[in-house]
Amino acid sequence: MKKALRGEPWGYTEREVQPFPVLGPFQEVIEQWLKHDLTETKKQRHTGRRTYNRLVEEHGYAGGESTVRRYVRQAKMRLGFCLHGTFIPGDPEAGYEAEVDWGTATAIIAGERLQVKYFCMRSKYSGKHFVRAYPCERQQAFFDGHLHAFQFFGGVFAVVIYDNLTTAVRKVLQGRKRLEQESFRTFRAYHSFTARFTSPNAGNEKGGVEGLVGYARRNYLVPVPEAASIEELNARLLAQCQAYGSRQSWPVASSRWRHYTRRNESTCWHCRRRCLATNRCRWGKWINTAP
């Protein structure tokens, strides 16, 4: 150990091939299972643990599970399975980015059981979020959700992240390029924010709001809510979104929330060119220009 720490040669070399003396007779069986998995759906393929359990139950394997899991991982890489990529944790800038998505839930409105769509916007920095229900997912509801969310946050984010929803995107081009809907391009230009779209089938690129969709359904819409109108339901959702910030969470999120409450996140760090209604933001201070 001392020689290794000092960088001196100590006479040992790293193994080029990892032997599997106990697992050796079962390697061909595992290879057959994994090759067959290539023709199956991704959600119904052998994991390391499932491979181990089958070896024990069907072939009397007496070795360790960690050995099987290590061999399965190496075999999947060799066979060309699509393994998880490498990701770099992000540290979003305050008030700069937000994520948007839609969710679906059931509600009882005026005594009738209906399927409702709920618009979600989440700040990437503070985790503060806004949820609003609509009877449909059309473009009018899409724009209305933005307006209420901007009012809730107190301003407009510089960048808003979307998936490739048809209310905003007419055609997905190569790479990050998108052919936007004309009305969405006009809306975005008027409110002076940049739209960023995720790669196709890459929900992890806006994982915060993806998680919010499930969180809102489990915490705000369980049990199935009953309301006299969609406006009454939205009033409840707004109150729950406002109360969300008072809960204590992990230290970074709670400190960010306290910072948020001291200064308005979406405008005070970034003096937006256009704020809501008749207010203007100048160097982090609200100026009321109403007559």
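What is the handedness of the crossing where helix 5 passes helix 6?

## Helices 5 and 6

In this predicted model, helix 5 passes helix 6 in a right-handed crossing. Helix 5 covers residues 139-153 and helix 6 covers residues 182-191; their axes lie 11 Å apart, at an angle of about 15°. Helix 5 is therefore roughly parallel to helix 6, since angles under 35 degrees count as such.

On the helix 5 side, the contact is made by Gln139, Phe142, Phe143, His146, Leu147 and Phe150, which meet Ser183, Phe184, Phe187 and His191 of helix 6. Sorted by class, this contact has 6 nonpolar and 4 polar residues, with no charged residues.

## Nonpolar cores

The largest nonpolar core has 46 residues. Phe119, Met121, Val131, Phe142, Tyr162 and Leu233 have the most contacts inside it. Helix 5 gives the most to this core, contributing 7 residues.

Phe142, in helix 5, meets helix 6 and is also among the residues with the most contacts in the largest core. Beyond its neighbours within four places in sequence, Phe142 is in contact with Val100, Trp102, Phe119, Tyr162, Leu165, Thr167, Ala168 and Phe184. A second, separate core has 15 residues, including Phe26, Trp33, Leu34 and Phe81.

## Helices 2 and 3

Trp33 of the second core also takes part in the contact between helix 2 and helix 3. The axes of helix 2 (residues 27-37) and helix 3 (residues 48-59) cross at roughly 125° and come within 11 Å, so the two helices are oblique to each other. Their crossing is right-handed.

Val29, Ile30 and Trp33 from helix 2 meet Thr51, Arg54, Leu55, Glu58 and His59 from helix 3. This contact has 4 nonpolar, 2 polar and 2 charged residues.

Methods:
Residues are numbered from 1 along each chain as its sequence is written. This is a predicted model: local features need pLDDT of at least 70, side-chain atom pairs count only at pLDDT 80 or more; totals for chains, interfaces and linings use all residues. Side-chain values use heavy atoms; hydrogens and water are left out. Axes are lines fitted to C-alpha atoms, for helices over the stretch in contact, and angles run from 0 to 180 degrees between N-to-C directions. Helices (H or I, at least four residues) and strands (E, at least two) are DSSP runs, numbered from the N terminus. Angles under 35 degrees count as roughly parallel, over 145 as roughly antiparallel, 65 to 115 as roughly perpendicular and the rest as oblique. A crossing is left-handed if the near helix is turned anticlockwise from the far one by less than a right angle, and right-handed if clockwise. Contact means heavy atoms within 4.5 Å. Ala, Val, Leu, Ile, Met, Phe, Trp, Tyr, Cys and Pro count as nonpolar, Asp, Glu, Lys and Arg as charged, and the others, Gly among them, as polar. A nonpolar core is a set of buried Ala, Val, Leu, Ile, Met, Phe, Trp, Tyr and Cys residues joined through side-chain atoms within 4.5 Å. Buried means under 20% relative accessible area, exposed over 50%, partly exposed in between (1.4 Å probe, protein chains only).
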